[in-house]
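Open your viewer and get ready to select residues.

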Amino acid sequence: MGKDEAMTDPASNEPAAPRLRPVVRAMIWATVPVLLLVQLLASTGIEASSFWSQISQLDAHMARVAESRAELIAEPLWKMRYDQVTGVLNEIMNDETIAGATVYDDTGAAIARVVARSEDHSIAEISRPVHYSNGNIAVQAGRIVIAYSHAGLYADAGSRMVRLLVVGLLATFATLIAMRISANVFIGRPLAAMMSAIQRSKQDGRAYPADVTSSNEFGQLARAFNAMQHTTSGALDRLGHMAGHDPLTGLPNRRSLTERLAVASRDGGRPDALVAFCFIDLDDFKGINDTFGHEAGDQFLVHIAERLRGAVEAEDWVARLGGDEFVVIRPEVDHEKAAHAFAQQVLDAISEPIRLHDKQVVPRASIGLAVRRADDPELSHLPTLADIALYHAKSKAPGTVAVLDEALQRDYRRRRELELAIPTGFAEGQFEVWYQSQVDLESHDVVGLEALIRWRHPEHGVIGPGEFLPLIERSGNNARLTRYVLTDACWALQRLAAAARPQIRIAINLPPSELADHSLAAELRATCARFDVAASSLELEITEGSLINNIASATETLHRLRRLGATIALDDFGTGYSSLAHLRRFPLDKVKIDKAFISEIPNSAEDKAIVGVIASLAGTLGLTLVAEGIERPEQAAAMREMGVRFGQGYLYQRPQPLDAVLEWLEKRPMAESRIVADSPSIAPEFAG
């Protein structure tokens, strides 16, 4: 494997980056052309200078030869001894550079000529006059012309250029080898060492030093890199701890839980051992925050974490998943009873009193327990399984340990199936609005209908609201369901008016989330206008819990609805916060007594006393009372005796679809006008 491949990260999941060229190779490729160019330019310059110097020297030499020969042939030329002139010319022909020589007399006629070789393109000529003097005679007897060649110089220059080029190339090659070795030693190896350290750190998150001992700048860079690695090593460890632990309690977090379960699922354990997984949720932790503040709430969670640590063994595992949710795992138990005893031990440890702001608070929690074999390959599903049991504990028996069993898993699967089917239920109109009558206990005339939602599921048949309404709320479809029921109720009012029953009001239950929606009043007014019904024909039922959760917002929404003419009824009175102050703080018109206080009447003196007090208080505040859950004539008689005017229950009519209710109403006598007059008079105050 080459160095380029060694420097890549094989474990990286990122897209492959362009292949990088090592810095040493890049330096060589950048340097080679420059070295060659400089060498060629230097060689060319030197040779050119030498060549032109030799040319000048040859020209000067030929000039001297021509002048010396002119002196020797002056007398023979003047005296016409031409053989002597030719002899002088032959003497100079020993010079290899001379190609030929010619002597001309004073008339310009060539009287002697010697040629050594054929002419070529590199022939040059030099001409000198031949002067003769004898006493009083001084004349120009003629001239001499010598032809000479530069070919030898050119040939020598070419061979020297070739030799210089070869030597230059060899020198360049040697320089490159030296550069390659030195650059690799002083640059490549330090960089490779640092890259290797970086890649190893990238693979497993640990800090690795670069093994560089040189004292140059790269050595200093490596030492600085190692110092940085050492400095950041602790920070990386702290970041790793923070990534896997809860910052408030210091317990492992959800990420650590997932990793631990994955490892346990992969490694397995003793085949006969069981894993006990406790999913813990603190009951009413919101009340702690609301009462003592969030800082005290955080301290409360720290106390719980310390108790969980103290309640388990060294091999057990405790984690906080967020909020008020904790997990405790015992990796090996012998049987399910031992797991349940362990979970109960944890619950008992949590339930010890805690002092907050000099107040003693008793924590309460619910635990969902799931037990699986240690070699189960799906241990990673334990949080979901335990959450199923926790859901049962929170909804059915808060403050207890619920153990996951087949029945709970079936309930969970059904719940998940229904929750996933909610959008389809709305789209296909599977939700139906049924109605139950409210009657005057004295005249038995029907004065109102309560709209009750049912789900006609294609596989499970008719499903009651107690099962699917929590799923509607959990899925965020409360507003959609409220608008659905409101639309059906307005359509029902239309049909009641057509059936000559305009005096009958329809009551609609409002979930708590709707009281925080300030657009509800506008939508109610628009829906009533679309069906041409009066808002005063609607009665909106709310619970005490929905009022307390957001008093300011709920009060504003109720006032808006009441200004439209709608009646406001407090449902299930006595089962919630049961504060009598609520009856005068909020704009209420009716109070519905929960059926829990009706079922044992007239046999229960306590329940009769409670209903009597409620009736007396309602009379004082001018509120109309409705008794829910009347199933026997003696209950209705007892309500009349205690001053309760209206009631509803199976004694009069079970919830039915609207068509069945209208058919049932046709068989009953028409209500007298006094029923309308005696019912609560709400003067609509329409907002501008």
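The lining of the largest pocket has 15 nonpolar, 11 polar and 11 charged residues. Ala, Val, Leu, Ile, Met, Phe, Trp, Tyr, Cys and Pro count as nonpolar; Asp, Glu, Lys and Arg count as charged; the others, Gly among them, are polar. This is a predicted model: local features need pLDDT of at least 70, side-chain atom pairs count only at pLDDT 80 or more, and totals for chains, interfaces and linings use all residues. Residues are numbered from 1 along each chain as its sequence is written, and side-chain values use heavy atoms, with hydrogens and water left out.

Select Leu452, Pro465, Leu469, Asn509 and Asp571. Of the 37 lining residues, these lie nearest the centre of the largest pocket. The space there is about 1200 Å³. On a 1 Å grid over the protein atoms alone, a pocket is an open set of points with protein on both sides within 12 Å along at least five of seven lines; a cavity is a set where a 1.4 Å probe fits but cannot get out; lining residues have an atom within 4 Å of a point. Points are joined across faces, edges and corners, and a volume is the space filled by probe spheres set on them.

Next, the cavity. Which residues line the largest cavity? Select Thr482, Leu486, Ile508, Leu510, Leu520, Leu524 and Leu540. Helix 14 and helix 15 (520–531) each give two or more of them. By class, 6 are nonpolar, 1 is polar and none is charged. The largest cavity holds about 40 Å³ of space.

Now show helix 12 (406–427) and helix 13 (465–474). Helices (H or I, at least four residues) and strands (E, at least two) are DSSP runs, numbered from the N terminus. The two helices pack at about 70°, with axes 10 Å apart. Axes are lines fitted to C-alpha atoms, for helices over the stretch in contact, and angles run from 0 to 180 degrees between N-to-C directions. Helix 12 and helix 13 are therefore roughly perpendicular, a term for 65 to 115 degrees.

Last stop: the sheet. Four strands form an open sheet in the order 2-1-4-3, with antiparallel pairing. Two strands pair if DSSP finds at least two bridges between them. Strand 1 (98–105) and strand 4 (137–149) share 7 bridges. Pick alanine 101: its bridge partner in strand 4 is isoleucine 146. Strand 2 (110–115) and strand 3 (123–134) stand at the edges, each with a single partner strand, so one side of each has no neighbour in the sheet.

Technical notes: Angles under 35 degrees count as roughly parallel, over 145 as roughly antiparallel, 65 to 115 as roughly perpendicular and the rest as oblique.
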